[in-house]
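Please consult the sequence and the structure while reading.

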Amino acid sequence: MKVIHLDGHRIPIKEHVVSAIGYFDGLHLGHMALVKEALNVSQTKGYKSALMTFDHQPGYILGYLKEEKYLSSMLDRKEILEKLGVDYLFIIDFSKDVAKLSPDTFIQKYIANASIEHLVCGFDFRFGYQNQGDASYLLDYPNLDISIIDEVIYNNEKISSSRIRQCLDQGHIEEANILLGRNYTITGKIIKGRQIGRTIGFATANIEYKNYYLPKRGVYVVKAYIHNQEYMGMCNIGLNPTFSELSHYSLEVNILDFDDDIYGEYLKVEFYDMIRGEKTFDNRQGLIQQLMHDQQYIRDYFQ
């Protein structure tokens with residue numbers, strides 16, 4: 001898959017292109033309906049397949065959101081799309097200037113200049129200055145074929161990124177995974193923490209999670225991927241209140257049956273289930289007993 005950052009100028013693509021368009025945070029089942037339609041059109045018409053997205057959440061750039069938190073990084077999205085066989089990933093470097101473009105100018109600069117002849121969007125897709133453009137606007141646009149995808153429903157409710165965030169807020173990992181169509185995943189660099197876990201027999205890898213959306217504070221069943229190997233893991237998200245509370249959330253993983261030095265490397269963490277919320281223990285022994293119980297829960301879970 002080729003990744004191209006769009007700056008509004010024509011790019012040298014000679015083939016016909018069909019592209020899905022949207023922010024696609026999480027690439028959940030609702031988003032995947034658009035991707036699958038683009039791949040189907042690609043096969044039917046003999047076009048190259050693509051996905052067009054933005055490098056940042058538009059709401060954050062425009063000041064509607066105080067902070068930018070994502071369900072999937074751009075690297076995550078690249079990996080997922082590559083496995084599906086998508087040919088191009090078009091990334092619009094979103095800015096306030098891009099937000100000011102009229103719908104017609106947006107189409108010319110980013111759709112026509114990328115040789116896109118068939119566009120796939122969601123029923124609620126909006127674009128252009130003050131969201132003046134929508135799916136019906138695209139239907140009337142000359143020389144551009146459009147596929148409009150209806151909402152995808154699970155348990156009588158639309159699948160959306162905000163719904164998945166609500167699941168994570170509540171620790172409902174298994175439901176979040178159903179809506180995503182995959183396990184919720186956070187990948188980050190392993191950094192040095194306070195190394196308290198090592199002193200009680202439960203060494204942890206402290207993950208630099210950057211702008212990932214963190215699930216509820218607590219302990220989780222996870223799988224950890226390092227050196228192309230898969231391991232069972234026990235993940236803690238929180239402030240570690242038993243040992244002088246931290247000023248910010250930490251994400252730490254106790255990798256079962258593993259004791260290598262991996263500082264500075266990247267760890268991929270897949271979430272499966274929440275075991276319990278974060279607790280404050282009266283002493284170390286109480287914490288150790290609880291962690292032994294949690295670790296056994298994880299072994300039983302994967303058995």
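## Pairing of β1 and β4

Strands β1 and β4 (residues 88–92) are paired in the parallel sense, with five bridges between them. Within this pairing, H5 is placed opposite I91 of β4. The model discussed here is a predicted one.

## The sheet

In general, backbone hydrogen bonds pair the strands of a sheet, in either a parallel or an antiparallel arrangement. In this structure, six strands make up an open sheet in the order β1-β4-β3-β2-β5-β8, and the pairing is parallel. The edges are taken by β1 (2–6) and β8 (145–149); each has a single partner strand, and therefore one side of each lacks a neighbour in the sheet. On average, neighbouring strands of this sheet are turned by 25° against each other, with direction ignored.

## Helices on the sheet

Helix α3, which comprises residues 74–84, packs on the sheet and touches β1, β3 (48–54) and β4. The direction of α3 makes an angle of about 165° with that of β3.

## A nonpolar surface patch

On the surface, a nonpolar patch is formed by Y60, L62, Y64 and L65, which together have about 410 Å² of accessible area. One of these residues, Y60, belongs to helix α2 (residues 58–61). Is Y60 buried, partly exposed or exposed? Y60 counts as partly exposed because its relative accessibility is 34%, a value between the limits of 20% and 50% that define this class.

Methods
Residues numbered from 1 in each chain as written. Predicted model: local features only at pLDDT ≥ 70, side-chain atom pairs only at ≥ 80, totals over all residues. Heavy atoms only, no water. Patch = residues over 30% accessible without salt bridge, like charges linked within 9 Å, V, L, I, M, F, W, Y side chains within 5 Å. Areas by Shrake-Rupley, 256 points an atom, 1.4 Å probe, with all protein chains shown as cover. Salt bridge = Lys/Arg side-chain N within 4 Å of Asp/Glu carboxyl O. Helix = DSSP H or I, 4+ residues; strand = E, 2+ residues; numbered from the N terminus. Buried < 20%, exposed > 50% of the residue type's maximum accessible area, 1.4 Å probe, protein only. Pairing = 2+ DSSP bridges. Axes fitted to C-alpha atoms, helices over the stretch in contact; angles between N-to-C directions. Contact = heavy atoms within 4.5 Å.
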